[in-house]
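Please read it alongside the sequence and the structure shown here.

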Amino acid sequence: FIAAAAKCLPQSDVWCILYPSLRHLLRSDVKESKEQSLLSAMKPPVSLRPSASLSTASFLFSTLKPKAADKRALSNSAKEATRKWGQLTAFLS
């Protein structure tokens, strides 16, 4: 589709508009916007790329997980807010 669209566009549009949006999908630059050139320069799909090491992945996930102390603090804050809301509604009724 991209190569077919490139045939219909002026070369200035191909290299100034179309190509920059495709560049992150390519392993290297291409000389021509023909189908074979684009296919041979394409990066492999994400599912076929080598995955990050488990130690890196586990480190990233461990930093993103909330800590137990944070959970307790949130829980206490929610309980306190609920208690205050109950006092306010009792006062207003």
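Against which helix do the buried residues of H2 pack? They pack against helix H1 (2–8). This is a predicted model, in which local features need pLDDT of at least 70 and side-chain atom pairs count only at pLDDT 80 or more, while totals for chains, interfaces and linings use all residues. Residues are numbered from 1 along each chain as its sequence is written, and side-chain values use heavy atoms, with hydrogens and water left out.

**Overall composition**

The secondary structure of the protein chain consists of five helices and zero strands, where helices (H or I, at least four residues) and strands (E, at least two) are DSSP runs numbered from the N terminus. Read from the N terminus, the order of elements is α-α-α-α-α. Of the 93 residues of the chain, 12% count as buried, a label that means under 20% relative accessible area, with exposed meaning over 50% and partly exposed in between (1.4 Å probe, protein chains only). The chain exposes about 8,000 Å², and carbon and sulfur atoms supply 65% of that area; accessible areas come from the Shrake-Rupley method with a 1.4 Å probe, and for residues only the protein chains shown count as cover. Among the contacts with a separation of 6 or more, 15% are between residues 24 or more positions apart, contact meaning heavy atoms within 4.5 Å.

Helix H2 (residues 11–22) has Val14, Leu18, Tyr19 and Leu22 as its buried residues. These cover an arc of only 100° around the axis, which puts them on the same side of H2; the arc is that of the directions from the helix axis to the C-beta atoms. An α-helix has 3.6 residues a turn, so residues three or four places apart point the same way. On the other side of H2, Cys16 and Ile17 are exposed.

Leu18 lies in helix H2 and is buried at 17% relative accessibility. Leaving aside neighbours within four places in sequence, Leu18 is in contact with Ile2, Ala6, Leu9 and Asp13. Ile2, which is placed in helix H1, is partly exposed at 29% and, not counting residues up to four places away in sequence, touches Leu18, Leu22 and Leu38.

| Residue pair | Separation along the chain | C-alpha distance |
|---|---|---|
| Ala4 and Lys34 | 30 residues | 8.2 Å |
| Ile2 and Leu18 | 16 residues | 8.5 Å |
| Leu18 and Ala5 | 13 residues | 9.2 Å |

Ala4 is in helix H1 and is partly exposed, with a relative accessible area of 45%.

**The aromatic pair**

A search of the whole structure finds one aromatic pair. The rings of Trp15 and Tyr19 have their centres 4.9 Å apart and their planes at 55°, so the pair is tilted; rings of Phe, Tyr and Trp (its six-membered ring) pair if their centres lie within 6.5 Å, and planes under 30 degrees apart count as stacked, over 60 as edge-to-face and the rest as tilted. Trp15 and Tyr19 are separated by about one helical turn because they stand four residues apart in helix H2. Trp15 is partly exposed at 28%, whereas Tyr19 is buried at 13%.

Leu26 is in contact with Tyr19, Leu38, Ala41, Met42 and Lys43, leaving aside its neighbours within four places in sequence.

Ser33 is placed in the loop between H2 and helix H3 (35–41) and counts as buried at 18% relative accessibility. Not counting residues up to four places away in sequence, Ser33 touches Ala3, Ala6, Val14, Trp15 and Leu38.

**Cysteines**

How many disulfides does a search of the whole structure find? The search finds zero, a disulfide being a pair of cysteine sulfur atoms within 2.5 Å. Cys8 is exposed at 68% relative accessibility, and Cys16 is exposed with a relative accessible area of 60%.
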